[in-house]
Amino acid sequence: MSTHHTKQPLLAVKSSSLYAKRDISRFYSTQTLALDTESIHAHSPRRKPQRKEKYHRLTTKDAKGTKKSVKGYTLKSKKEHSLSVEEYNRFIFQAVQENRINKAINLMREMENKHLTPTIQTYTIIINEFSRQSDMDRANKWLNRMQRNGIIPDAHIYTTLIDGYMRQTDLDQAESIFRLMMDRNVKPTIVTYNIMMHHSARQLNMESALKFWGNLLEAGLKSDVYTFAIILHGLGQEGRVDEAWRVFKTMEEEKVDVNEVVATTLMGMHVKQHDNEYTIQLFNKFFNPNDSQLKATHHTRNILLNAIIGKADNEAITKYYNLYKSNVADKTHKNALFVGANVYTYTTFMRAFLRRNNLPMVSQVYADMMAQHIQPSLVTYATLMLAHAYVPDPESCQRILTELRKNGLELNAVIYTITMRAWAKAGRWEKVKSVYDEMKNNGIEPTKLTMEVLRYGRSRSGDI
């Protein structure tokens, strides 16, 4: 790829915003997971098998037909032991955790064939999994089945349905479930409100997120660290830094302990504002090994790296990258910036070189990452596509978009807009329109940048 282009692209990926969304989602998922674990294990404490001879490791087959072990245990002989409802619930939950939903459903049917009655915890596991997959038709099918069997939905069930509809960006249906929950005198939990706030912030709808926060407080619930992390992240995404710090002050006044994600979110907020020196100060404040219990995550170190190389030139970034490659090659070598080979660091270097029009190094870093068998993230692909859009090489952007869709990745407006930008720069208005129509047909709402690219492509075609 050539490096002689000096014009900045019409579209630029926001400084770590997509990373931040994934990081906050991972943090938040520990709470949505409570929808299953709390309802199962609160009623049936986890027990290890008493006699090893009755159990063996579960096995499955990979794509080549080779057997491999997976987590969990199952009975060698059904005749040797009769499972209780609680034990079936644990096995069903474990199957879901291993992405074996059909196995979970078969276990549930096996329960029924043995005249064991599934509990609300059993149904919660199944409904929650389909909601996570945004498969609300099947989630509602299992809800109806549960109700036919005389089980009344509780706060966990309603909350997981709200989660599913929010994942589909169907705010109306989510609020309808919430109203139904209230009408039936089922009290929402802190998780219910956090779910609605989380998805609203993720969809860049802070007005709704703040409204739900107000509803949470009006209901007499106390904000937890998840609540504050979601609000801080959302405000940071919109560049409302002063408001975010006022929220953080409230968090301190309410004596809610800071954790790694809150600290990293504050750092990321200032990186996005190009306030790199203060970002480094925040890292030293929150993650000082001498007086802090917090441990920097991959994302924390990635934010720190962004701050350090934020104003560096190509030569300095190359030196940092070579240091990183040495760190990856030497497993015993430790560096405060790096934690082994990971997608976040590779992508950060790709983006740093891209911002300086060093397109060959973007490709080189990507190749190095693939050589380490690191799975690219959506941000990685977006960065690679932007490099192709610079040239412009719209065919490569279109090919990546097609592969991502075939692989079932959850695409967003950024990916489509980059592809539109590449076609627009190549003067192919019909392709710009085609990608835009595809995005709309897939239920992805255009952003302000999308519409700018659409207008740019139309103007280049003389269609205005």
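Let's start with helices α13 and α15. This is a predicted model. In it, α13, residues 260–272, packs on α15, residues 298–309, at an angle of about 25°. Their axes lie 10 Å apart. Angles under 35 degrees count as roughly parallel, so α13 and α15 are roughly parallel to each other. The crossing of this pair is left-handed.

Who makes the contact? On the α13 side, T264, M267, G268 and V271. They meet H299, T300, I303, L304, N306 and A307 in α15. By class, this contact of α13 with α15 has five nonpolar and five polar residues, and no charged ones.

Next pair: α7 and α9. Helix α7 covers residues 155–167, and helix α9 covers residues 190–202. Their axes come within 9 Å and cross at roughly 5°. With that angle, α7 and α9 are therefore roughly parallel to each other.

From α7, the contact takes T159, I162, D163, M166 and R167. From α9, it takes V191, T192, I195, M196, H199 and S200. Here the classes are five nonpolar, four polar and two charged.

Keep I162 in view. Leaving out residues up to four places away in sequence, which residues does I162 touch? In α9, T192, I195 and M196, which are listed with A174, I177, F178 and M181.

I162 also matters for the next topic, the core. The largest nonpolar core holds 133 residues. Which of them touch the most other members? I126, I162, L266 and F349. The largest share of this core comes from helix α19, residues 378–390, with nine residues. As background, nonpolar side chains in soluble globular proteins tend to be buried together.

The peptide bond from V391 to P392 is cis, with omega near 0°. P392 sits in the loop between α19 and α20, the latter being 394–406.

First, K255. It is not a glycine, yet it has a positive phi of about 60°. K255 is in the loop between α12, 241–253, and α13. Is K255 buried or exposed? Exposed, with a relative accessible area of 74%.

Then H274. Its phi is also positive, about 60°, and H274 is not a glycine either. H274 lies in the loop between α13 and α14, which is 276–286. The relative accessibility of H274 is 60%. The cut-off for exposed is over 50%, so H274 counts as exposed.

That's the tour. Over to you.

Conventions:
Residues are numbered from 1 along each chain as its sequence is written. This is a predicted model: local features need pLDDT of at least 70, side-chain atom pairs count only at pLDDT 80 or more; totals for chains, interfaces and linings use all residues. Side-chain values use heavy atoms; hydrogens and water are left out. Axes are lines fitted to C-alpha atoms, for helices over the stretch in contact, and angles run from 0 to 180 degrees between N-to-C directions. Helices (H or I, at least four residues) and strands (E, at least two) are DSSP runs, numbered from the N terminus. Angles under 35 degrees count as roughly parallel, over 145 as roughly antiparallel, 65 to 115 as roughly perpendicular and the rest as oblique. Contact means heavy atoms within 4.5 Å. Ala, Val, Leu, Ile, Met, Phe, Trp, Tyr, Cys and Pro count as nonpolar, Asp, Glu, Lys and Arg as charged, and the others, Gly among them, as polar. A nonpolar core is a set of buried Ala, Val, Leu, Ile, Met, Phe, Trp, Tyr and Cys residues joined through side-chain atoms within 4.5 Å. Buried means under 20% relative accessible area, exposed over 50%, partly exposed in between (1.4 Å probe, protein chains only). A crossing is left-handed if the near helix is turned anticlockwise from the far one by less than a right angle, and right-handed if clockwise.
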